[in-house]
Amino acid sequence: MRLPGRRAPSSAAPRPPGASAPPRRLTAARDYALAAALVALATGIGAAARMQLPELVMLYLLGVVIAAARFGRGPSLLAATLSIVVFDFFFIPPTFTFTVSEDRHVLTFAIMLVVGLLTSGLTLRIRKQEQEARASEGRIATLYQLSRDLTAAVDAEQAAGATARRAAEICAGAAAVLVPDAGGGLLTLAASGPDLALTGGEREAIAGTLGGAPGPGSTERLTWVPLSSSGELLGVLVLAPPSRALAREPRDLLDAFARLAALALERARLAKRAEDAAVRAHTEETRSSLLSAVSHDLRTPLAAITGAATTLRDSAAAGSAPGDGGVIDPAQRADLLDTICEEAERLERLVRNLLDLTRLESGALEVQREWIPLEEIVGSALMRLEARLHGRPIRTDLPADLPLIPVDAVLVEQALVNLLENAAKYTPAGSEIAIAARADQQEAADSGVQSVVQSVVIEIADRGPGLPPGDEARVFDKFFRGRNAGPTGAGLGLAICRGVAHAHRGTLSAANRSGGGALFRLSLPLIGKPPAPPPDLEAALGASETPS
C-alpha cells in the first residue's frame with residue numbers, strides 16, 4: 001500500500017548493513033546532467049535533420065518541458081539557458097560564435113527564455129498537484145481501509161488490532177493500542193507485532209501525560225495519541241517510528257486514525273453494554289417467567305400434602321377412642337395417604353423438570369450413547385406411567401427389524417415420558433394413545449458429496465383436541481401453555497423433550513393429526529456403526545434359522 005509522504009515497504013531483500021540510499025547531492029547532479037543531455041540531444045536532432053529556426057526553437061522548448069516534468073525547477077532553468085546558448089552558437093549566423101548579427105534573434109532568445117520559464121513553472125505546478133492528489137488518494141485509501149476494518153470488527157480487541165496494524169503501516173514502524181485498567185494503569189489490548197515492548201517506565205510516562213486533559217505526547221522512542229470519545233479516555237495509540245519525529249502528513253493521518261479508532265472502541269463498548277443489558281433482561285424475564293410458572297404448581301402439591309398430613313396428625317393427637325369425632329376411619333386415612341403420595345410425585349416431577357431444563361440450557365448435560373433396542377426404552381417409559389395411563393388403550397407399532405439406536409437411554413426415556421404425560425394430560429380419559437416407530441433415510445450433501453443419513457423416527461399420536469393453528473412450534477418454548485382447556489402445568493415438559501432431541505443431533509416437531517388429535521415426531525439419527533453381535537450369538541441365530 002502506497003502511503004502519503006512515505007514509500008511502501010519493498011518486498012525485496014533488505015539492504016545490507018552499512019549500505020545507504022544515494023546522497024541527495026549525487027541525485028541532483030544526475031538530474032542536471034540529464035537536463036544538459038536533453039539539450040545536446042535536441043541539438044543533434046536539429047543538426048541532423050537540418051531544421052529551420054522555428055522548428056529548432058520548438059525542439060529546444062520540448063527539452064525544457066521534459067526537464068521540468070522529470071527533474072524539477074533547477075534542471076529546467078539549466079536546460080532553458082543552455083538551449084539559448086547552444087542555439088546561438090550553432091545555428092544563429094555567424095555560426096560557432098556568440099555574436100548576434102541581427103536584433104530579431106535577441107528577441108527570439110528572450111521569447112525562448114520566457115516561454116521556457118513559463119512552461120517550466122506550469123509543468124512544475126501540474127507535477128505538484130499530481131503529487132498532492134496522489135497523497136490525498138493515499139490518505140483516503142488508508143482511511144477507507146481502516147474504516148472497513150473497524151466496521152467489520154465485532155469487539156474492542158478486533159478494533160484495536162485493526163488500528164494498530166494500519167498505524168504501523170503509516171509510521172513504517174510498530175504500533176499498539178493500550179486501554180486503561182482498573183488500577184489506573186495501561187494494558188496492551190492489541191499490538192502490530194512483538195517489536196513494540198513497553199517498559200514499566202514508558203507505561204508510567206504515558207499514563208502520567210494522560211491525566212487530566214489527555215493530549216498527544218512523545219519520548220525519545222515513542223509517540224502516542226489518546227483515543228477519546230465524549231470527553232472520556234478509551235485508550236492510547238502508541239507508535240514507535242524508525243525516526244524520532246513523524247512527518248506532518250502521517251501525523252495528521254494518525255490523528256484521523258485516532259478519531260476513527262475512538263469511535264470504534266466507543267461502539268464496541270456500547271455494544272458490549274447493550275449485550276450485557278440484553279442478557280440481564282433475558283435473565284430477569286426467565287426468572288420472572290419461572291417464578292410465575294412454578295409458584296402455583298409448587299404451592300398446590302405442597303398445600304395438599306400439608307393439609308393431608310395435618311389431618312393425619314390431628315387424628316393421631318385426638319386419640320383412638322371409639323366414637324371420638326376427631327378420629328378418621330381407615331378409608332379416609334388411605335385417601336389422605338394416597339393424596340400425599342400423588343402430590344409428592346407431582347412435586348418431584350416438577351423439580352426434576354426444572355433440574356433437567358437447567359442442565360440442558362447450561363450445557364452441563366453429557367450424552368452417554370449406547371446402542372440399545374427402542375423396545376426397551378418404550379417399555380420402560382410405559383412402566384413408569386402405568387398409573388397415569390391406567391384405563392387408556394395404548395397401541396404400539398414397533399417393527400421387529402427396527403435397528404438399534406445410539407442414544408442416552410435415560411434421556412430418551414425421559415423425553416418419551418414427557419410426551420406421553422402431555423398426551424394423557426390434554427386428551428379425554430379413555431382415549432387411545434399410539435406409539436409408532438420406523439427407520440427413515442434422507443439425502444444430505446456434505447461438502448458437495450451426497451450421502452444417506454439414516455435415522456429412527458418415533459411418533460406419539462393422540463385423539464385429543466389437537467394443537468391450535470400457529471402453536472405447532474411454540475409448544476416447545478419454555479413456560480408456554482396451550483390454549484386448550486386442561487390441567488395446568490409449568491410448560492417445561494416439551495421444552496425438555498426438544499433439548500433432548502437437540503442433544504442427540506435430532507429433531508422434534510408437532511403437527512395436527514388427520515381425524516383429530518396431535519402428533520409429535522421425534523427423529524434420532526443413527527450416528528456411528530453398531531457393534532457386531534458376539535460369535536456365539538451369531539452361531540445360535542444361524543442354528544435357529546436352519547430348517548429341521
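Modeller: D338 has a relative accessibility of 43%, so it counts as partly exposed; buried means under 20% relative accessible area, exposed means over 50%, and partly exposed is what falls in between (1.4 Å probe, protein chains only). Before going on, please keep in mind that this is a predicted model, in which local features need pLDDT of at least 70 and side-chain atom pairs count only at pLDDT 80 or more, while totals for chains, interfaces and linings use all residues. Residues are numbered from 1 along each chain as its sequence is written, and side-chain values use heavy atoms, with hydrogens and water left out.

D338 belongs to helix α8, which covers residues 330-362; helices (H or I, at least four residues) and strands (E, at least two) are DSSP runs, numbered from the N terminus. A patch takes residues with over 30% relative accessible area and no salt bridge, joining like charges within 9 Å and nonpolar side chains (Val, Leu, Ile, Met, Phe, Trp, Tyr) within 5 Å.

The C-alpha atoms of E343 and A304 are 6.8 Å apart, although 39 residues separate the two in sequence.

A nonpolar counterpart on the surface is the patch of L77, L113 and L117, whose accessible area together is about 210 Å²; such areas come from the Shrake-Rupley method with a 1.4 Å probe, and for residues only the protein chains shown count as cover. L77 sits in helix α3 (residues 73-91) and, at 35% relative accessibility, counts as partly exposed.

The model holds 11 salt bridges, each defined as a side-chain nitrogen of Lys or Arg within 4 Å of a carboxyl oxygen of Asp or Glu. In one of them, the closest N and O atoms of D149 and R165 are 3.5 Å apart, and this pair links distant parts of the chain, with D149 in helix α4 (residues 103-152) and R165 in helix α5 (residues 156-171), 16 residues apart. D149 is buried at 16% relative accessibility, whereas R165 is partly exposed at 41%. A network of salt bridges links D149, R165 and R166.

Another pair is E421 with R388, where the closest N and O atoms lie 3.8 Å apart; E421 is in helix α10 and R388 in the loop between α9 (374-384) and β7 (394-397), so the pair ties together parts that are 33 residues apart in sequence. E421 is buried, with a relative accessible area of 12%, while R388 is partly exposed at 35%. Helix α10 itself is largely enclosed by the rest of the structure, because 15 of its 17 residues are buried.

Between strands, E459 and R521 meet in a salt bridge at 2.9 Å, N to O; E459 lies in β10 (residues 449-462) and R521 in β12 (residues 518-525), so parts 62 residues apart in sequence are tied together. E459 counts as buried at 17% relative accessibility, and R521 as partly exposed at 29%.

The backbone deserves a look too, since most residues other than glycine have a negative phi, and most peptide bonds are trans. P93 and P94 are joined by a cis peptide bond with omega about -5°, and P94 is in the loop between α3 and α4. F96, in the loop between α3 and α4 as well, has a positive phi of about 65° although it is not a glycine, and F96 is exposed at 53% relative accessibility. R505, in the loop between α11 (493-503) and β11 (507-512), has a positive phi near 60° and is exposed, with a relative accessible area of 65%.
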